[in-house]
Amino acid sequence: MTALRTVTVDGSPVHVLESGTGPAVLMLHGSGPGTTGSGAWATTAQALGTSWHVVAPDQAGFGRTPVPAGSRGGLRLWTEQAAGLMDALGVENYAVVGHSMGGAVALALAAARPRQVTHVVAVATMGAPGAPLSAGLDAVWAAPAGPLGARDMLSRLLHDQALVTESAVAARAAAMEAGAAAFASLFPPPRARWADDLTLSAQTLAGVRAPVLLVHGAEDRVTPLGTAALPLLEHLADVRLFVLGRCGHVPPVEHPHDFRRLLSCFLGRERDH
């Protein structure tokens with residue numbers, strides 16, 4: 001069973017896709033305009049089947065989850081809201097899978113909740129200390145709502161341009177237009193400060209006790225391998241990196257079978273500490 005529901009976290013509503021039963025997996029989407037939890041993860045959740053309890057929220061400012069009154073968004077809010085969501089659902093232990101921005105949130109959450117987070121999968125992740133704002137990420141955050149902006153953004157996210165189909169462009173354009181007002185408040189220029197907000201200190205990364213799997217595309221132009229994933233190898237105590245060739249910023253879309261196999265294998269490991 002897959003269900004969409006709204007959960008109150010610290011007095012603010014969070015829209016959530018939930019499916020399956022069993023060990024819990026919190027799945028955190030990235031920061032592109034029009035991104036939602038269900039849009040990013042529904043296919044992966046379906047592939048994982050019913051043996052995992054998948055929780056895929058719209059993070060604050062995305063989809064149907066508003067930014068709480070008095071807040072602007074940012075890493076601290078998204079991390080605290082993710083932790084609060086799992087508390088509200090009564091889930092004591094869980095793995096976290098995060099894409100791009102969501103990867104930085106996943107790593108921050110693992111450092112903040114070392115007793116709760118059992119595994120981290122950080123896909124095309126942000127968060128590496130000192131990582132600059134790439135031209136690709138700057139363009140994605142700046143993409144105007146509508147078909148032209150959607151086409152440009154998807155062409156930057158994906159290495160295989162055959163995946164930038166008319167239906168994909170239309171779906172993303174509609175999602176961008178629906179969320180345009182909220183998104184405009186999240187990453188206004190100058191945008192380097194928001195990339196800085198999503199970088200983690202060496203001290204924070206040293207606090208990640210859970211095993212970490214980094215999955216990255218060799219041709220990622222949004223979070224390039226050399227500045228986004230490789231530096232994390234120096235800072236994480238229990239880490240492995242899997243690089244997919246001919247792959248851009250969205251491995252679950254460009255290499256879905258490889259990604260699901262990696263995910264299932266890694267999450268199925270018994271935690272050894």
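**Close-up views of aromatic contacts**

Both Trp 78 and Phe 187 are buried (under 20% relative accessible area, with exposed over 50% and partly exposed in between; 1.4 Å probe, protein chains only). This is a predicted model, where local features need pLDDT of at least 70, side-chain atom pairs count only at pLDDT 80 or more, and totals for chains, interfaces and linings use all residues. Residues are numbered from 1 along each chain as its sequence is written, and side-chain values use heavy atoms, leaving out hydrogens and water.

**View A. Trp 78 and Phe 187 form a tilted aromatic pair.** Their centres are 6.2 Å apart, with 40° between the planes. Rings of Phe, Tyr and Trp (its six-membered ring) pair if their centres lie within 6.5 Å; planes under 30 degrees apart count as stacked, over 60 as edge-to-face and the rest as tilted. Trp 78 is in helix H2 (residues 75–88). Phe 187 is in the loop between helix H7 (180–184) and helix H8 (192–197), 109 residues apart from Trp 78. Helices are DSSP runs (H or I, at least four residues), as are strands (E, at least two), numbered from the N terminus.

**View B. Five aromatic residues form one cluster: Phe 62, Trp 78, Trp 141, Phe 183 and Phe 187.** The structure holds 6 aromatic pairs.

**View C. Trp 41 and Phe 259 are stacked, because their planes meet at 25° with ring centres 6.5 Å apart.** The pair joins helix H1 (residues 37–48) to helix H12 (residues 256–267), across 218 residues. Both Trp 41 and Phe 259 are buried.

**View D. The charged end of Arg 72 sits over the ring of Trp 194.** The distance to the ring centre is 3.8 Å. The criterion is NZ of Lys or CZ of Arg within 6 Å of the ring centre and within 35 degrees of the ring normal.
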